[in-house]
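Here's a quick walk through one structure, taking the ligand site and then the strands. Have the model open alongside as you read.

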Amino acid sequence: MTVGVGILGGGTVGGALAHRLLTERQAIADKAGLSLDLRYLAVRELGKPRPYAFPAGVLTDRPEDVVNDPSVNLVVELMGGMEPAGDLVLQALKSGKPVVTANKELVAARGKELIEAAEASGVSLLFEAAVGGAIPIIRPLSESLAGERISEVLGIVNGTTNYILTQMCDNGAPYSSALAKAQDLGYAEADPTADVSGGDAASKAAILASLSFGTWVGSEDVYREGIEDLLAIDISYAADLGYLPKLLAVASDTGEGVSVRVHTTLIPSDHPLATVRGSQNAVYVKGPDVDELLFAGPGAGGDPTATAVLGDIITSSRELLAGAQVPPRVRFGPGRLRAFEEVETSWYLRLEVMDKPGVLAQIAATIGGNAVSIESMVQLGRDDEATLLFITHPSPEADHRKAIAALGELDVVRQVAAAIRVLPPT
Ligand code: NAP
Ligand code: HSE
């Protein structure tokens, strides 16, 4: 009962996984009832220093040989990126080998094609680690909640940005040093632009939405903004108003269509997601019958992520050893994607304005004239200038954008200095 495992990628996650397959082999066999034999670990540079030593013959720089070697029964893709990872995964699936991957970028972009290839070969494509690191969320959505009509999913699904925001909010750390620390800790992608620009979270949001609503959502369907423009002064003002910033993935199916977005969001400081700190992730699922579910835990890092990958390897190995064709796990039907402009959002606006009679009336008329309603306003004065902080009620994104543009045109407004979406209290 031995399964030969070939790993493509021996970096933060692949290195941690390979080390565990070698050092915990007996414990895995005792608990899972099967033996996992690490045959290969493919890397780009054989000469690179690595934190773990591997037996002779395990390290290779020829990933295609790993996929083709008959002693490899199961392929684990932990290289990241689109190519050559995508074609190697497809090749493995077409040759009848199950694949486990943590590559959210690949799954969000080519998941439908890869899932169909796996189905055609009667093997599994499992990707629990692609969203939420160690948190079990893919299997709960695709299996445990397969019968629930999920209406909304909110997620903090990027550990790097949550770590940066926590450092900025709690310790007043500068953005650049918090990002450098997240890279040192192994949370960030090889190119951290994917993290801070919202791209990594958008891929994860696309996967969550596809599984939650049964409609395929690709990464290109997700509206995204990152955390790069957030200023320390707005973190401070927001805290005074009872909010804190998170890079939030919001996916909803209102009956009028599915919408998926990722952007900096101010959330009320008593919201359950406000307690999710550092590299932790959380996914909050709403449905008519389950009401609310919260999945939370370590969202990034080598060992937590390797645990989720190992779980998928064990599941897939059991299927392989049972010898049967694996039935399809998910189905994607047709569905309407809602334009982001139609989606109702609330905003925090910081305006730097002239402090003289009639200014507030003009500003309020401009906001109201664009069908946006003000929930609260605070004025902080200094000499002949003032800072105005507004929180608006939910109304269509398009109306908010028109209101913000019109405010910027007013003579009395020196600057629309910040505009950040707000999660209304539930
Ligand atoms: P990483 O540290 O950058 O490691 C990537 C590995 O792939 C390295 O060993 C690299 O070789 C190898 N590689 C890259 N291109 C290759 C090529 N063309 N041929 C052969 N080997 C190649 O990445 P990671 O952080 O482990 O992430 C791996 C995957 O897991 C990504 O899809 C990522 O999004 C996902 N993920 C990561 C985390 C996390 O916390 N890090 C969490 C969840 C999911 P060298 O070592 O020689 O450079
Ligand atoms: N770079 C990703 C993050 C890794 O920071 O969340 C986990 O997917």
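Let's start at the ligand. A backbone N or O atom of V13 sits 2.9 Å from an oxygen atom of ligand 1. Keep in mind that this is a predicted model. E45 also uses a backbone N or O atom, placed 2.8 Å from a ligand 1 oxygen, while E189 brings in a polar side-chain atom at 2.7 Å from an oxygen of the ligand. Here are those polar contacts side by side:

| Residue | Protein atom | Distance to an oxygen atom of ligand 1 |
|---|---|---|
| V13 | backbone N or O | 2.9 Å |
| E45 | backbone N or O | 2.8 Å |
| E189 | polar side-chain atom | 2.7 Å |

On its own, ligand 1 has 900 Å² of accessible area, and the protein covers 87% of that.

Who else is around? The shell holds 25 residues, and K48, R50, K104, E189 and G301 are the closest to ligand 1. So what kinds of residues make up this shell around ligand 1? It splits into ten nonpolar, nine polar and six charged.

Now for the strands. Six of them make an open sheet with parallel pairing, and reading across gives β3-β2-β1-β4-β5-β6. The edges belong to β3 (59-60) and β6 (125-126); each has a single partner strand, so one side of each has no neighbour in the sheet.

Further in, β1 (residues 2-8) and β2 (residues 35-42) run parallel and are joined by seven bridges. If you want a spot to look at, find L8, which stands opposite A42 in β2.

How values were computed:
Residues numbered from 1 in each chain as written. Chains lettered and ligands numbered in written order. Predicted model: local features only at pLDDT ≥ 70, side-chain atom pairs only at ≥ 80, totals over all residues. Heavy atoms only, no water. Near = heavy atom within 4 Å. Polar contact = N/O pair within 3.5 Å; in protein donor to acceptor, adjacent residues only side chain to side chain. Areas by Shrake-Rupley, 256 points an atom, 1.4 Å probe, with all protein chains shown as cover. Nonpolar A, V, L, I, M, F, W, Y, C, P; charged D, E, K, R; others polar. Pairing = 2+ DSSP bridges. Helix = DSSP H or I, 4+ residues; strand = E, 2+ residues; numbered from the N terminus.
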